Amino acid sequence: MNKREVISSVARRSGISEEICEQVLDSLEEVFTDEVSGSAWKGGAFDKLYRIMGYFRGKRKSPFTGN
């Protein structure tokens with residue numbers, strides 16, 4: 001999946017315009033790049049990505065439990 005496909009998929013699933021999704025994903029990329037480049041241990045990049053994705057997963061409300 002390329003960047004354009006990711007943006008389209010996120011926009012379709014969220015109901016947010018592709019332009020806004022692109023801005024958000026670009027900002028996320030910048031934040032992640034800053035975090036990784038500032039890391040003393042570059043191997044920690046995957047750990048950082050995993051934690052970021054866990055954060056986003058935790059922000060979603062479960063359609064089954066309402067949490």
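Which helix is included in what covers the buried residues of H1? Keep that in mind as you start the tour.

**Before you click**

This is a predicted model, in which local features need pLDDT of at least 70 and side-chain atom pairs count only at pLDDT 80 or more, while totals for chains, interfaces and linings use all residues. Residues are numbered from 1 along each chain as its sequence is written, and side-chain values use heavy atoms, with hydrogens and water left out.

**Stop 1: the whole chain**

Show the protein chain as a cartoon: there are 3 helices and 0 strands (DSSP runs, H or I of at least four residues for helices, E of at least two for strands, numbered from the N terminus). Now colour by pLDDT, the predictor's confidence in each residue from 0 to 100. The chain averages 78, with the highest confidence in H1, at 91, and the lowest in helix H3 (residues 45–59), at a mean of 74. Where pLDDT is low, the predicted coordinates should not be read in detail.

**Stop 2: helix H1**

Select residues 3–14, which make up H1. Its buried residues are Ile7, Ser8, Ser9 and Ala11 (buried is under 20% relative accessible area, exposed over 50%, partly exposed in between, with a 1.4 Å probe and protein chains only). The cover over these residues includes helix H2 (18–37), which settles the opening question. At the start of H1, look for the side-chain oxygen of Asn2 that comes within 3.0 Å of the backbone nitrogen of Arg4. After H1 comes Gly15, with a positive phi near 80 degrees.

**Stop 3**

The whole structure holds 4 salt bridges (a side-chain nitrogen of Lys or Arg within 4 Å of a carboxyl oxygen of Asp or Glu). Pick Arg4 and Glu18, whose side chains form one at 3.3 Å, N to O. Glu18 is in helix H2 and Arg4 in helix H1, so this pair ties together parts 14 residues apart in sequence. Glu22 also forms a salt bridge with Arg4, with the closest N and O atoms 3.4 Å apart. Next, select Lys3, Asp26 and Glu29, which are linked in a salt-bridge network. Within that group, the closest N and O atoms of Glu29 and Lys3 are 3.8 Å apart.

**Stop 4: Leu28**

Finish on Leu28 in helix H2, which is partly exposed at 30% relative accessible area. Leaving aside residues up to four places away in sequence, Leu28 touches Ile52 and Phe56 (contact means heavy atoms within 4.5 Å). A C-alpha to C-alpha distance from Leu28 to Ile52 gives 9.7 Å, for residues 24 apart in sequence.

Technical notes
Expected span 1.5 Å × (residues − 1). Polar contact = N/O pair within 3.5 Å; in protein donor to acceptor, adjacent residues only side chain to side chain.
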